[in-house]
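Here are my notes on the fold, kept brief. Please have the model open as you read.

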Amino acid sequence: MSNQRTVELGRLSWAEVAEEIPRRPIILLPIGTVEQHGPHLPVNADNMVASYVALQAAARTNALVAPNINYGNSAVFAAFPGTIHVRPETLANVVRDVCQSLIAQGFRRIIFVDNHGGNEAVCEQVARELKDEHGIVIGNIYPWGLGYQLMRDTYDDVVAAYGHGAEPETSAMLGMYPEDVVDARRESGTVQPFAGWNPSAYSIVEIPGQAAPGTVYLDSDELTTNGVTGDGSVATPERGQVWIERVVGFAVAFIDHYDTVTRDAAWATKPPSRHLVGVKSAP
Ligand SMILES: [Zn+2]
């Protein structure tokens, strides 16, 4: 595996894929959604970043990247033009069917690169169902979430900077896809009171006189005017390069460790369960 074409399953011919199956590489499955990320970032950002991280990490590990599952669970952003979302059960069915298809042909070591928080519960549910059925252990890499954890030391006021459509998302996009960041439309945003609630996030609200917050399910357009929560004015391409280095670095380490731990596992070494042209099937 040396160039970008050879790590993208979708760009290989069936004959090339047939050669990969007995090698038992790890399959990265990028999963995203199409949703608003403020007036300045593309609605496809979750998918673009999932692809970028998966391809960069695959080029440095024993992994192939499957084509993205591009639509996810983003109902909370539905009021913003360009948001395209599917029901959680639709996403679960697609993720499950794609994995069943991979497993049947012998690709049993699967890592999701799910880059949308709203998909997390669905991905975990499907991974656990497939574990029950096939004994396989699926991993998950969440690039945006890793960025939040790994970039804290680069901000003077991390609490003010962080948020949807703010940081470190804007820096990361400036690092990966500078031509897709509309600088003139870059805005910061705040969470505002709505209909008597005083929220701090889409589902977290203050309860007067209580030290713990309460939960109510509000939509993005009810809390923000522009879809942004946080101060993206501190975003820079240089910070984006740090994001890439740290998040891709983590992804490479995760994949290498998964490879070491699972390579000889009984569940990982089972041959294909169906007849495949050009590949030795199970007896
Ligand atoms: Zn998202």
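Predicted model: local features only at pLDDT ≥ 70, side-chain atom pairs only at ≥ 80, totals over all residues.

1. Start with the parallel sheet. It is open, has four strands, and runs in the order S2-S1-S3-S4. The edge strands are S2 (63–65) and S4 (139–140), and each pairs on one side only.

2. Look next at the pairing of S1 with S3. S1 spans residues 26–31 and S3 spans residues 110–114. Five bridges join the two strands in the parallel sense. Within this pair, Pro30 stands opposite Val113 of S3.

3. Helix H10 lies across S1, S2, S3 and S4. Its direction is at about 140° to S1.

4. H10 (residues 237–262) also packs with helix H6 (residues 143–150). The angle is about 115°, and the axes are 10 Å apart. The crossing is right-handed. On the H6 side, the contact involves Pro143, Leu146, Gly147 and Leu150. They meet Trp243, Arg246, Val247 and Phe250 of H10. What is the make-up of this contact by residue class? Six of its residues are nonpolar, one is polar and one is charged.

5. The other sheet is antiparallel. It is open, with three strands in the order S5-S6-S7. S5 (199–201) and S7 (214–215) each have a single partner strand, so one side of each is left without a neighbour in the sheet.

6. S5 pairs with S6 (residues 204–205) over two bridges, in the antiparallel sense. Ala201 has Ile204 as its bridge partner in S6.

Terms used:
Residues numbered from 1 in each chain as written. Pairing = 2+ DSSP bridges. Axes fitted to C-alpha atoms, helices over the stretch in contact; angles between N-to-C directions. Left-handed = near helix turned anticlockwise from the far one by under 90°. Contact = placed C-beta atoms within 7 Å. Nonpolar A, V, L, I, M, F, W, Y, C, P; charged D, E, K, R; others polar.
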